[in-house]
Amino acid sequence: MSRSPRHAELVEQLAELFLAEGFAAFGVGDLAARLRCSRSTLYLVAPSKEQLVQVVLRAWFRGAAERIEARVARAGGPAAALRTYLNAVAEELAPASPAFYADLAAHPPAAAVYAENTEHAARRVQELVRDGVRAGELRRVDAAFVGAAVAQLMHAIQRGAIGEATGLDDARAYRRLADLVLDGLRVRSG
């Protein structure tokens with residue numbers, strides 16, 4: 001597979017298109033027409049539409065993770081890092097349309113990519129909680145429990161259960177999760 005600047009540009013354009021409109025309804029010919037390239041150019045990115053979707057989703061999540069971690073690195077302390085992390089996840093998911101989430105849910109390989117990234121995010125939240133407790137910025141809690149509870153909520157967001165129950169899209173659900181976790185873990189004075 002080519003890793004040329006054109007390859008990166010196509011993956012980025014496909015990610016924008018998938019987030020805005022989903023991916024299930026597009027054939028490779030449709031995608032080539034929308035991106036003004038040939039089918040053979042898209043086949044340089046991946047040999048099939050299913051693999052193309054996976055390549056694009058993996059690249060998008062990898063880029064999102066890098067942007068999120070860059071923001072976390074600039075946060076002022078563990079509690080701020082936790083808030084920054086959860087809010088940055090929400091911001092990264094904000095461009096995703098209902099069509100994108102519907103296609104994720106209906107396409108097991110794509111759902112698996114989302115689930116992998118949700119697992120990573122849950123582990124990262126657990127680390128950030130642990131860091132915040134150690135630093136005394138978050139009240140003493142069982143970080144493994146908080147991480148497991150947050151993971152369950154993240155998986156419920158990813159599966160669409162939170163959206164179905166509340167009407168919140170994934171980005172807004174992550175913002176509410178940030179509020180819930182940080183308000184619940186705030187060090188109480190007095």
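Reader: How do α1 and α2 sit relative to each other, parallel or perpendicular?
Author: Roughly perpendicular. This is a predicted model. In it, helix α1 (residues 5-21) and helix α2 (residues 28-35) pack at an angle of about 110°. Angles of 65 to 115 degrees count as roughly perpendicular, so this pair falls in that class.

Reader: And how far apart are the axes of α1 and α2?
Author: Their axes are 11 Å apart.

Reader: Which residues make the contact?
Author: From α1, Arg-6, Leu-10, Gln-13, Leu-14, Leu-17, Phe-18 and Glu-21. From α2, Leu-31, Arg-34 and Leu-35.

Reader: What classes are those in the contact of α1 with α2?
Author: There are 6 nonpolar, 1 polar and 3 charged residues.

Reader: New pair. What angle do α7 and α8 make?
Author: About 150°. Helix α7 covers residues 108-134 and helix α8 covers residues 143-159. Their axes are 8 Å apart.

Reader: So what do we call that, parallel or antiparallel?
Author: Roughly antiparallel. The cut-off is over 145 degrees, so α7 and α8 qualify.

Reader: Is the crossing of α7 and α8 left-handed or right-handed?
Author: α7 passes α8 in a right-handed crossing.

Reader: Which residues of α7 meet α8?
Author: Among them are Ala-111, Tyr-114, Ala-115, Thr-118, Ala-122 and Val-125. On the α8 side, the residues include Ala-143, Gly-147, Val-150, Met-154 and His-155. The contact of α7 with α8 divides into 13 nonpolar, 5 polar and 2 charged residues.

Reader: Tell me about Thr-118. Buried or exposed?
Author: Buried. Thr-118 has 1% relative accessibility, and buried means under 20%, so it counts.

Reader: What does Thr-118 touch?
Author: Leaving out residues up to four places away in sequence, Thr-118 touches Met-154, His-155, Gln-158 and Tyr-174.

Reader: Where is Ala-110?
Author: Ala-110 is in helix α7 too. Its relative accessibility is 0%, so Ala-110 counts as buried.

Reader: Which residues does Ala-110 touch?
Author: Phe-23, Val-53, Leu-57 and Leu-104, again skipping residues up to four places away in sequence.

Reader: How far is Ala-110 from Asp-169?
Author: They are 18 Å apart, C-alpha to C-alpha. Along the sequence, Ala-110 and Asp-169 are 59 residues apart.

Reader: Now the core. How many residues are in the largest nonpolar core?
Author: It has 63 residues. Leu-42, Leu-82, Tyr-85, Leu-86, Phe-100, Met-154 and Tyr-174 touch the most other members.

Reader: Pick Phe-100. What does Phe-100 touch?
Author: Phe-18, Leu-19, Gly-22, Phe-23 and Leu-57, not counting residues up to four places away in sequence.

Reader: What about Ala-73, buried or exposed?
Author: Exposed. Ala-73 has a relative accessible area of 66%, and exposed means over 50%, so it passes. Ala-73 lies in helix α4 (residues 49-73).

Reader: How far is Ala-73 from Glu-21?
Author: Their C-alpha atoms are separated by 32 Å. Along the chain, Ala-73 and Glu-21 are 52 residues apart.

Reader: Last one. What is the phi of Arg-36?
Author: Arg-36 has a positive phi of about 55°, although Arg-36 is not a glycine. Most residues other than glycine have a negative phi.

Reader: Where does Arg-36 sit?
Author: Arg-36 is in the loop between α2 and α3. At 76% relative accessibility, Arg-36 counts as exposed.

How values were computed: Residues numbered from 1 in each chain as written. Predicted model: local features only at pLDDT ≥ 70, side-chain atom pairs only at ≥ 80, totals over all residues. Heavy atoms only, no water. Core = buried A, V, L, I, M, F, W, Y, C linked by side-chain atoms within 4.5 Å. Buried < 20%, exposed > 50% of the residue type's maximum accessible area, 1.4 Å probe, protein only. Contact = heavy atoms within 4.5 Å. Helix = DSSP H or I, 4+ residues; strand = E, 2+ residues; numbered from the N terminus. Axes fitted to C-alpha atoms, helices over the stretch in contact; angles between N-to-C directions. Parallel < 35°, antiparallel > 145°, perpendicular 65-115°, else oblique. Left-handed = near helix turned anticlockwise from the far one by under 90°. Nonpolar A, V, L, I, M, F, W, Y, C, P; charged D, E, K, R; others polar.
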